[in-house]
Amino acid sequence: MRYFIDVILPIAVKKKFTYEVSEAEFNFIKIGSRVAVPFGKKNIYTSLVFSKNNTPPTLYSAREIESIIDEKPIVNLFQLEHWQWVADYYMCSLGEVFKCALPSGFILENETSISQRIDSNINVLEFKDEEYLIYEALQLQSSITIDEIIKLLGKKNIFPIINEMVSKGILVIHEDLKESYKPKLIKYVKIFDEFLQEERLQELLTIISKAKKQNDLVLNYFQLRAEEKKDISVKHLLEFSNSSSSVLKSLIDKGVFEEYYLNQDRVIFEKDSDSHFDLSDVQEKALSEIKMSYERFDITLLHGVTSSGKTEIYIKLIEEYLFSNKQILFLLPEIALTTQLVQRLTAYFGNQIAVFHSKYSANERIEVWNNVLHVSEKARIVIGVRSALFLPFSNLGLVIIDEEHEQTFKQQDPAPRYHARDAAIVLAKQHQAKVLLGSATPSLESYYNVQNNKYGLVELFERYGNVSLPEIKLIDLKDKYFRKRMQGHFSDELLELINEKLSIGEQVILFQNRRGYSPFVECLTCGHVPHCPNCDVSLTFYKIKNQLRCHYCSYAIAKPTHCHHCQSTELTTKGFGTEQIEIELKTFFPDKAIGRMDQDTTRGKYGYERIIDAFRNKEYNILIGTQMLAKGLHFDNVTLVGILNADNMLNQPNFRAYERAFQMMTQVAGRAGRKEKKGIVVIQTYNPYHNTIQQVVNNDYRAMYKEQIYERQNFKYPPFYRLIKLTLKNKDYEKLKEASLWLYNVLVQQLQIPVLGPEEPVVSKIRNEYIRTIIIKIPTANHLGKTKKTIEKIIQSFDAISQYRTVKIIINVDNY
């Protein structure tokens, strides 16, 4: 009998690979465990066992595995089933899902080392110079790594030399897997059991009575032991007794104390005893409506205006599911939002919460993974961004997706290009769990599902504590510029309001959804604009660093003193970003503290927390920010919000531009007046009578929905059609043009559905690769699975054409 296992490799291969194992290995290996397998000529990969069978592969000979890494699975069957769905739906490989889902610390690296063959017959005189250097190095140490040989020889391609020495029988190659995860070990101390007897303790105290410090340390140990009745760490004991490690070491050497180590989680949350609260009547009504909705629907949309107290409803709902011993997943669109929410939930639930996002270290993420896998008390509630839905849940009862409309739930690069909201709904269905979607401005797709009786709906149109919605003022920029009532990018009315609010100790938020000082620098003589040499985009100017930078490839140059085209010194900046607003405000309000929150200021693990905490503690009077300020944040003292240029959001080449502009402006407006003080929102625009802006002023979501859903139906966009975007990339412009036309013509011929393209996108070259896009519109009446299989077959045919093999195709399902 032959035994085989199918494995998933963390590389972009489109299928599972089969390896042969012994009967003992077959019986020992568990589905979801990691094994080390050879793949290709030299590489060893950490792979996951997907299935076990007795059927050998037909197209290749099965190789043997290198080793079994895990005795117990690190991935459960729920996950494997969910990963398969993600791979099938988003048209990517299982390996790509595996690599995205698993913390990097679990995907072990292999290090290649070289040692001398013991039984080799060596004639040193026959060695070439480079071979002799390797041989000489091996006389000083038993083995050397590839990196060490590269440094020794001073050249990168050293494998021809190594392979020749292997073929001569001089060297042996070893592949070693490196475990990157290291648990956090805390040193503890305890007294030997014999000294717990009164007679032996008295003897001990008599012996060490002359050593006062040792005597004090022993007495302090017993005092701590009586007070805390738990393991005592070395650090805690030394701090409590005000002693030194040398004193403790003396007692360990004398056999009084013994040291031991315990694992400790790197992230621990403390509960706040004063965190209790009661729901208002309106919130109680909404909560009971959610429970009633769950009797008919698995998915319910909570449509509540900003500051209506949705988070309090989430907390009470979570509490009920905790009583049922269920796991809860709480998804948020951005790391910035986790900061405040974690503080609120940990105060209420304590260390039952685990947080999972990319700002956590690899070791911290592995600890969260293990806690979820083992259904630990420390991870009953998981708060995270989109990657948290890949955690090993086995008893999931509730999924909450806050700000469900946010576009950041959609992963763009690398594959899998999944939408976390949709993938989480599928995950919940696997576990027979309930889903709650929360938003003040739901996505059109979710609201459409409500209208079609697929989702339940609960509405909250009253702010918590009966606080009134902010007053919205429109500023016509055309009129202000004409009347010369603008200072920089601020109208006289906005500056007056900022001054008024700051004078009475209140805070201000200003929103500009573009970072940097200016989008581009232009020559006034010839009109030349410096562009990135690698991308088809102008360089953004950063005044503080005095440089021009590309946001796509990070190319940067110092700000030019003259035009590169005509040598003129007449250079000016056009447009404005958050950095320019910050500099302008410092001239208007030199004695006020001004903060900025964008991608440039929030780098690092605690970047978000630092800025948010500083603003909440009133260290900043004014906070300027991009879209990361727009949702979910709660500041009691903010009474004025300014949107500096609403037209930037409206004038985007995207069928969702008006929907997203409405969502963004409504969410930003919701940061104002969240307590007793009345809030004011100032929107500066060149088009104050635009339908979308008027809908924001009137807080009329339904009018926006009706207008946009009508447009979507007319022009064949979601939710009436599914979209699949194919992006083709190549460094050769002509080859890309020819290849994209071939693919377009075959798609039109085979699919018989609307296909748009091939088009050059707004940014048509990134990192020296030209780009063409093709959009496939699939009617909801068509079978989605069959259409995708047809597309995959066409792409396989495309890849089989030799001249097009260098053209890269990226598939993005539901790219919106």
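Q: Which elements do the buried residues of helix 25 pack against?
A: In this predicted model, the buried residues of helix 25 pack against strand 33 (721–730), strand 34 (755–759), strand 36 (769–779), helix 26 (784–800) and strand 37 (808–813).

Q: What puts the buried residues on the same side of helix 25?
A: Leu736, Ala739, Ser740, Leu743, Val746, Leu747 and Leu751 are buried in helix 25. They cover an arc of only 135 degrees around the axis, and therefore lie on the same side of the helix. Glu734 and Gln749, on the other side of helix 25, are exposed.

Q: Why is the contact between Arg722 and Asp814 called a salt bridge?
A: The term requires a side-chain nitrogen of Lys or Arg within 4 Å of a carboxyl oxygen of Asp or Glu. The N to O distance for Arg722 and Asp814 is 3.9 Å, so the pair qualifies as a salt bridge. The pair links distant parts of the chain, with Arg722 in strand 33 and Asp814 in the segment after strand 37, 92 residues apart.

Q: Why is Asp814 called buried?
A: Buried means under 20% relative accessible area. Asp814 has 5% relative accessibility and therefore counts as buried.

Q: Why is Arg722 called partly exposed?
A: Partly exposed lies between the limits of under 20% for buried and over 50% for exposed. Arg722 has a relative accessible area of 34%, so the residue is partly exposed.

Q: What makes Lys586 and Glu582 a salt bridge?
A: Their closest N and O atoms are 3.4 Å apart, and the cut-off is within 4 Å, so the pair forms a salt bridge. Both residues lie in helix 19 (residues 578–588), four residues apart, about one turn of the helix.

Note on methods. Residues are numbered from 1 along each chain as its sequence is written. This is a predicted model: local features need pLDDT of at least 70, side-chain atom pairs count only at pLDDT 80 or more; totals for chains, interfaces and linings use all residues. Side-chain values use heavy atoms; hydrogens and water are left out. Buried means under 20% relative accessible area, exposed over 50%, partly exposed in between (1.4 Å probe, protein chains only). Helices (H or I, at least four residues) and strands (E, at least two) are DSSP runs, numbered from the N terminus. The arc is that of the directions from the helix axis to the C-beta atoms. Contact means heavy atoms within 4.5 Å.
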